[in-house]
Protein chains: 4
Amino acid sequence: MRACTLDALNAASRQEFTAVLGGIYEHAPWVAEAAFAARPFASLADLHAAMSRVVRAASEERRLALVKGHPDLAGKAARAGTLTVESAAEQASAGLDRFNDAEYAAFHRLNDAYKARFGFPFIVCARRHGKESILREFERRLANPPPAELGAALDEVARIAALRLVEKVAAPDRLNVHGRLSTHVLDVHGGRPAEGVAVELAELAGGGDARIVTRGLTNADGRTEQPLIHGRPVPIARYELRFHIGKYFAGRGVPQAEPPFLDVVPVRFAVAEPEGHHHVPLLATPWSYTTYRGS
Amino acid sequence: MRACTLDALNAASRQEFTAVLGGIYEHAPWVAEAAFAARPFASLADLHAAMSRVVRAASEERRLALVKGHPDLAGKAARAGTLTVESAAEQASAGLDRFNDAEYAAFHRLNDAYKARFGFPFIVCARRHGKESILREFERRLANPPPAELGAALDEVARIAALRLVEKVAAPDRLNVHGRLSTHVLDVHGGRPAEGVAVELAELAGGGDARIVTRGLTNADGRTEQPLIHGRPVPIARYELRFHIGKYFAGRGVPQAEPPFLDVVPVRFAVAEPEGHHHVPLLATPWSYTTYRGS
Amino acid sequence: MRACTLDALNAASRQEFTAVLGGIYEHAPWVAEAAFAARPFASLADLHAAMSRVVRAASEERRLALVKGHPDLAGKAARAGTLTVESAAEQASAGLDRFNDAEYAAFHRLNDAYKARFGFPFIVCARRHGKESILREFERRLANPPPAELGAALDEVARIAALRLVEKVAAPDRLNVHGRLSTHVLDVHGGRPAEGVAVELAELAGGGDARIVTRGLTNADGRTEQPLIHGRPVPIARYELRFHIGKYFAGRGVPQAEPPFLDVVPVRFAVAEPEGHHHVPLLATPWSYTTYRGS
Amino acid sequence: MRACTLDALNAASRQEFTAVLGGIYEHAPWVAEAAFAARPFASLADLHAAMSRVVRAASEERRLALVKGHPDLAGKAARAGTLTVESAAEQASAGLDRFNDAEYAAFHRLNDAYKARFGFPFIVCARRHGKESILREFERRLANPPPAELGAALDEVARIAALRLVEKVAAPDRLNVHGRLSTHVLDVHGGRPAEGVAVELAELAGGGDARIVTRGLTNADGRTEQPLIHGRPVPIARYELRFHIGKYFAGRGVPQAEPPFLDVVPVRFAVAEPEGHHHVPLLATPWSYTTYRGS
């Protein structure tokens, strides 16, 4: 199942259509099969709406089966390597594959409590969350009343489906499921963009845990060639940007103290909206800096 | 040996004088004894100069003996608890009492190499340095030519003596051996000093090591009641100030994202001049901040 | 009538006491005479309270006479030079002596309307206001209901009395009738206080009118030797601070564009609380600056 | 003579070609006529180079005549309305049509002195300068040695020609003769772009003269719909940007002092490179702001 265009899908047979979209809903090719009848689709939003209508129109029994078809987060299937390709990638993106034994144990307990209470596994669109945020969501939703929780689970199923659709089908519209995290470094000592500043982005978690998400180098305009995160949701998480400005100013021959007053500047911030555009610039001299939520 | 006034020293007998000042130079009460003749002293600077003159006028043999009388840094005496009271406090202030086994082993090797090269132990005014800086100094001075290094060692002896004098003798002048590190938090969202912001100061060292130096809470003027470091040199080191502004703005009922964009703001900087006045303010909103080397 | 101490007043005869304090209330030496009985006064606040009690205890007729005894603001007496010394200085401090003919005419109309409505002249503590603010107050109070307006006038009389007291009588307490306006220039390009920056403070009024209030030069700590305004209320007004940073950076040999990107930096702000402490710092490089309401 | 495409010019007859481009060099259609032979032109840069080669290859007599064919800046022809259309627009763009009598008189004197010294009128690419800058250039060039000054005049003729070409001929390349001046307002009190902030740009000249160049309103991204200056050189001049942030924050219901601490924020800066991209953002709260040369 490779990516294909919306036009190709509109022209496809039912069999081809289902072959491509059968995995959009986990273990539920019947959603794609039923949506086939609504062709042609003017946009990806149109296709997503048609598939959502199929789910909503299904019997409660079938919807429950859809939810139950999802694997446990960080569960036995994940450890045994028997997840669907999509689920494996999604769980890894949230850092669930980096759990230590204690974290696996904690998740295991939560999974058990959740299934005992609701009768189905905990589903969350893992790409929208960091490690800490997933755990917080888990605890928050465990307190939901059972009737509300099935709706919450189906909302997450729809989010997962939208992200899978965007990756599978090339179309002019992108369903607004992707966010962006970018930076910009201004050298206000020299009055120019700061070129050649090394930048790291780390996701922070409890106990001082910091996982490097990406590294970059600013170009002649003071920006990284690509946004630090783009083409995907920006996981709800705490982050630390690290700007290596001591080395930058040393490279420009700017006099500094020894050791320099500022060397690696850390900027810690949290992301609350995975689909938003997050811009975190730095205006720096060797002796001062300003940072802010930009646009 | 308790603190006393300069006036009392000027009026003291030679025996009393030496009893009070005999420990200013490590295991060398003869310095105080000889300085007694220069009484009366108009100021602490005057007394310190007189003692320095005694050392300079001493025979090379005696000066070498003075240097050799100092204990190894983080050496056997430190581990065995047989340091003079002054030396123990000084070594602890630089964090040498918190060395792990690997660090002790590294220091041991440096001590051996240093003594083999110069014939006397490595002396440094430990109060002016953090853990990392001491090690850097050690390696730098190990490369000195032997004739220059005896001078470097005696310079450190003079610095140690000056700090001990200031603590031992109450006088109007303080020899400019103390520095200061302070902060100030402005709430530029509300246009007022930020009162009640928790602030921590940590000394950073290699491998992510961070030792809390002090904690404070800002008062109605946005400052901590006491400077974060004062009445002593500010050790040459890398520091991290942590401002808990997320909690502050939450306490004022300011709308924030969930989780808040900014929570604990870290500001990392280095101190290069232990006797300087270091002021590191923060101008903050829930969405931006500015920090700088102030005055 | 020269300044004297509170102790001297407490020891003075009724005649001397009244000679010193007879002018605290305009053309109403009876207030001082009656307050004499309440001696001794522990503080200036005590004395001010005693005089206020005398006014409050007076008959309505007498209080009205007190109010009527005040001269018109920018009125005929001002133009003819027949004001009391105190009134002349106060009116000049608010810039009323710099009115052009049109402004005099406007005030004249307001004075006439006010007296027609309330039966007494408009009284305001002129030292607490700039030219624009006085006019705004005048228009605001003209709309008051007559019974409230007598109270408003007596409040201003009490403010005038408090300021006159502080100038006339030396005492440990100062009645909190003075404010302060100060600045501080940080060179965040060089990481030090900016020394030798010329600073001007202008009061702004309608039509582009700008009156220089004071000029200063920053010292080694980046501050002017004296606050820009102190020892008096800071008039409610719009101000412009002008920082000559282009010349400063040129003097330090910092490379700049020709003409420099920044030369004279204007900071416009308003003061709403004459008794407050207003601090307006500047953090500058040749290419950027930050300013804020400080503390 | 209307704008036409480079392709149309390449296909035109010599007569049509000269009709379109005859005014690129003032009163010198022979330049266009001679350049016709170099067709076809791959780009506007190619065409401009060909015309420049014609001028360089001309006899000194002819080049002098070309220079002499230019009108006086702010001279009799300007006042009498007998300039070519191009010259009239160019002189107006630099504000020369807004001279008062004293300024006309000053220019008249400079024109006379210049012609007496060099034998031809002062030529400058007026679109690259503000009123003040033209005068500074005039005085600077009056001091040139005569042989150098003819070269300086021809450089300006080439700049004028390049700008006229860009306006006359539609082509993919634009000769890099245009600059840009833009702004961006961030509301760091609310953590969002500041939408609906009124912004004015004024050009400053001596004696408090301030001419409004343009007005704008920030959009949802905190920017004006169009850059404040674009599609032309940014004149070398001193500017003042005025940001009406007091009204903006009042409109958002943010509590402020009365009068507000900040109302209209002026940012004064100079432009030295007319072809550069100048970005001057503002990060503001009701109590603070930061501005800088951005990118």
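How much area is buried between chain B and chain A, and what percentage of it do carbon and sulfur atoms give?

Guide: The model is a predicted one, and the values below are computed from it. The area buried between chain B and chain A is about 2,100 Å², and carbon and sulfur atoms give 61% of that area. In terms of residues, 25 of chain B are in contact with 25 of chain A. On the side of chain B, the burial has three leading contributors: Phe261(B), Arg268(B) and Tyr289(B) supply 31% of the area that chain B buries against chain A, more than any other three residues.

As to secondary structure, the elements that give two or more residues to the side of chain B that touches chain A are strand S10 (264-271) and strand S13 (288-292) of chain B. The largest share comes from S10(B), which gives seven residues. By class, that side of chain B has 17 nonpolar, three polar and five charged residues.

Strand S13 of chain A, residues 288-292, and S13(B) pair in the antiparallel sense over five bridges. Within this pairing, Thr291(A) stands opposite Tyr289(B), and Tyr289(B) is one of the three leading contributors of buried area named above.

The symmetry of the two chains may be considered next. A rotation of 180°, with 0.0 Å of shift along its axis, superposes chain B on chain A with an RMSD of 0.1 Å. The two copies are therefore related as by a two-fold rotation axis. In chain B, the C-alpha nearest that axis belongs to Thr290(B), at 2.1 Å from it, and residue 290 falls within the range of S13(B), 288-292. The same surface serves both copies, since 100% of the contact residues of chain B recur in chain A.

For comparison, chain A also meets chain C. There, seven residues of chain C are in contact with seven of chain A, and the two chains bury about 620 Å² between them, with 56% of it on carbon and sulfur atoms. Between chain C and chain A the rule finds zero salt bridges, while the count of residue pairs in polar contact is four, both residues at pLDDT 80 or more. By class, the side of chain C that touches chain A has two nonpolar, five polar and no charged residues.

Some backbone details complete the account. In chain B, a cis peptide bond with omega about -5° joins Arg39(B) and Pro40(B), and Pro40(B) has its place in the loop between helix H3 (29-35) and helix H4 (44-57). His27(B), a residue other than glycine, has a positive phi near 50° and is found in the loop between helix H2 (14-21) and H3 of chain B.

Note on methods. Residues numbered from 1 in each chain as written. Chains lettered and ligands numbered in written order. Predicted model: local features only at pLDDT ≥ 70, side-chain atom pairs only at ≥ 80, totals over all residues. Heavy atoms only, no water. Contact = heavy atoms within 4.5 Å. Buried area = accessible area lost by both parts, 1.4 Å probe. Helix = DSSP H or I, 4+ residues; strand = E, 2+ residues; numbered from the N terminus. Nonpolar A, V, L, I, M, F, W, Y, C, P; charged D, E, K, R; others polar. Pairing = 2+ DSSP bridges. Least-squares fit on C-alpha atoms with pLDDT ≥ 70 in both. Salt bridge = Lys/Arg side-chain N within 4 Å of Asp/Glu carboxyl O. Polar contact = N/O pair within 3.5 Å; in protein donor to acceptor, adjacent residues only side chain to side chain.
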